[in-house]
Amino acid sequence: MKKLLIVVDMQTDFVTGALGTKEAQAIVPMVAEKIKKAKEDGTDVIFTLDTHEENYLDTQEGKQLPVPHCIKNTEGWMLVPQLRPLAGGCMSVEKPTFGSTRLAHIVGKAGYDEIELIGLCTDICVISNAMILKASVPETPISVDASCCAGVTPESHANALAAMKMCQITITE
């Protein structure tokens, strides 16, 4: 069985930087353990990287969320230090906005039997990628481990999990 773990945007700016939260900080150890176990089990791991350029504030997203973050090649753009050693040998996919059709294309071509997502933020990038994947590979079981995700707020995290569940994405803890 060919499995994939997608680690969404576990970058410094979302954990301890410009958009960091205590909830994001709290999941880092569990995310690290999940990645280690996946690699030990032979599961493929892909990291997504929210990636913006210096002109971020001039973009549609930047006008709606005027907080510069994940500017390419800055410390805030990099994976949190605890996960950097675990990224060796894994693919990373840069994405200029919430969801990635490029990721869906890569996943679709690879023919995975199961896909699991973890990371940040549940209510923005995790849900966006989960929904794009569900639309792209509708017969592939997709799950989200809620214990390895955090949202902008606890309430929006819960709302995103409920929305994904309604769209036949399995929510685990």
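Which residues lie nearest the centre of the largest pocket? Notes on that and a few other things follow; keep in mind that this is a predicted model.

1. **The largest pocket.** K3, K34, T43, E114 and E116 lie nearest its centre, out of 15 residues that line the largest pocket. The space inside comes to about 270 Å³. Two or more lining residues come from each of β1 (3-8), α2 (22-40), β4 (114-120) and β5 (142-150). Helix α2 gives the largest share, with four residues. Sorted by class, the lining of this pocket holds seven charged, six nonpolar and two polar residues.

2. **The second largest pocket.** This one has a volume of about 210 Å³. Its lining has 13 residues, and F14, L19, L65, I124 and V152 are the ones nearest the centre. As for class, nine of the lining residues are nonpolar, two are polar and two are charged.

3. **Salt bridges around K95.** Searching the whole structure turns up nine salt bridges. One of them pairs K95 with D9, and the closest N and O atoms there are 2.8 Å apart. K95 sits in strand β3 (residues 91-95), while D9 sits in the loop between β1 and α1 (12-15), so this contact ties together parts that are 86 residues apart in sequence. K95 also meets D50 in a salt bridge, at 3.7 Å from N to O. D50 belongs to strand β2 (residues 44-50) and K95 to strand β3, so here the parts tied together are 45 residues apart in sequence.

4. Are K95 and D9 buried or exposed? Both are buried, and D50 is buried as well. Through shared partners, the salt bridges join D9, D50 and K95 into one network. For anyone setting up charges, that is a trio to look at in the viewer: K95 pairs with D9 and with D50.

5. **The E75 and R84 pair.** Another salt bridge links the side chains of E75 and R84, with an N to O distance of 2.5 Å. E75 counts as partly exposed because its relative accessibility is 42%. R84 is partly exposed too, with a relative accessible area of 28%.

6. **Cysteines.** How many disulfides are there? The count comes to zero. With 32% relative accessibility, C167 counts as partly exposed.

7. **A135.** This alanine is found in helix α5 (residues 122-136). Its relative accessible area is 62%, and because exposed means over 50%, A135 counts as exposed. Between A135 and A104 the C-alpha to C-alpha distance is 9.0 Å, with the two residues 31 apart in sequence.

Conventions. Residues are numbered from 1 along each chain as its sequence is written. This is a predicted model: local features need pLDDT of at least 70, side-chain atom pairs count only at pLDDT 80 or more; totals for chains, interfaces and linings use all residues. Side-chain values use heavy atoms; hydrogens and water are left out. On a 1 Å grid over the protein atoms alone, a cavity is a set of points where a 1.4 Å probe fits but cannot get out, and a pocket is an open set with protein on both sides within 12 Å along at least five of seven lines; lining residues have an atom within 4 Å of a point. Grid points are joined across faces, edges and corners, and a volume is the space filled by probe spheres set on the points. Ala, Val, Leu, Ile, Met, Phe, Trp, Tyr, Cys and Pro count as nonpolar, Asp, Glu, Lys and Arg as charged, and the others, Gly among them, as polar. Buried means under 20% relative accessible area, exposed over 50%, partly exposed in between (1.4 Å probe, protein chains only). A salt bridge is a side-chain nitrogen of Lys or Arg within 4 Å of a carboxyl oxygen of Asp or Glu. A disulfide is a pair of cysteine sulfur atoms within 2.5 Å.
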